[in-house]
Amino acid sequence: MLFAVDNILTELMAEFEFCRMEEGQLLFYLFMTDGEVQAFRESLYKSTQYLCDFMQRRGVSLCGVISKAVYETGKLRFAYQDVLEGLESVKMFRKCGIVDMEEWQVSGSKEIVRSVIQYVEQHFTESDLNINTIAEGIGRNPKYLSRVFKDETGEGILDYVNQKRIKKAQILMKSENMTLEQIGEMVGYASTKTFRRAFQKETGMMPGNYLKDPHR
């Protein structure tokens, strides 16, 4: 299959200069163009889509990812990372189609943030909740997930988890007659010490002082 894909794409993109790399079942094509980048991307998209459709008609599901353009050789690793993240993040392995990372990252990043928020809403009271369990729960790569969430919201995922937990703890402090140990456990902290530290970081005061505050 790799031989067929290589031959067809080479023919389709004959007017452009490129180098080819192979890594397992993945083929990487590094294209170079002196022309207008957007026009080139449109040509690349059409040619790659034709290749995917051609292979699908022959019973082979082919996925293609087009990275963002880079203009310095030192930034080629970002294009490589784009391709890997595109394949992994949208779960396109063994599926047929094209992922254009310039278009996908705009809508995809917002969808990732929504997925994280939804998952945290449902699981923030679990003491074993962390970036890895969140990533596994929504089917994403942990490092990629952390970066996208931070870029979109300006805060880390664990910071957001702690915010949810402390807000819930404050509600419980107002309405329930429970010990700090019980409250901390209910909102997902494995120990009272961890709960106290997180509470102080989030509110600027210790939970005991918060309970005594008449304006809380």
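In the predicted model, the axes of helix H5 (residues 131–138) and helix H6 (residues 142–153) approach to within 9 Å and cross at roughly 95°. Angles of 65 to 115 degrees count as roughly perpendicular, and H5 and H6 are therefore roughly perpendicular to each other. On the H5 side, the residues that meet H6 are Ile131, Asn132, Ile134, Ala135 and Ile138, and their counterparts in H6 are Pro142, Leu145 and Ser146. Classified by residue type, the contact of H5 with H6 comprises six nonpolar and two polar residues, with no charged residues.

A roughly perpendicular arrangement is also found for helix H7 (residues 157–175) and helix H9 (residues 192–203), because these helices pack at an angle of about 95°, and their axes lie 10 Å apart. From H7, the contact draws on Asp159, Asn162, Gln163, Ile166, Ala169, Gln170 and Met173, whereas H9 supplies Phe195, Ala198, Phe199, Lys201, Glu202 and Thr203. The contact of H7 with H9 contains six nonpolar, four polar and three charged residues.

Turning to H1 and H2, the axes of these two helices come within 10 Å and cross at roughly 145°, and H1 passes H2 in a right-handed crossing. The residues of H1 that take part in the contact are Ala4, Val5, Ile8, Leu9 and Leu12, while those of H2 are Ser47, Tyr50, Leu51, Phe54 and Met55. By class, nine nonpolar residues and one polar residue form the contact of H1 with H2, and no charged residues are present.

In terms of composition, the lining of the largest pocket divides into 31 nonpolar, seven polar and six charged residues.

Key
Residues are numbered from 1 along each chain as its sequence is written. This is a predicted model: local features need pLDDT of at least 70, side-chain atom pairs count only at pLDDT 80 or more; totals for chains, interfaces and linings use all residues. Side-chain values use heavy atoms; hydrogens and water are left out. Ala, Val, Leu, Ile, Met, Phe, Trp, Tyr, Cys and Pro count as nonpolar, Asp, Glu, Lys and Arg as charged, and the others, Gly among them, as polar. Axes are lines fitted to C-alpha atoms, for helices over the stretch in contact, and angles run from 0 to 180 degrees between N-to-C directions. Helices (H or I, at least four residues) and strands (E, at least two) are DSSP runs, numbered from the N terminus. Angles under 35 degrees count as roughly parallel, over 145 as roughly antiparallel, 65 to 115 as roughly perpendicular and the rest as oblique. Contact means heavy atoms within 4.5 Å. A crossing is left-handed if the near helix is turned anticlockwise from the far one by less than a right angle, and right-handed if clockwise.
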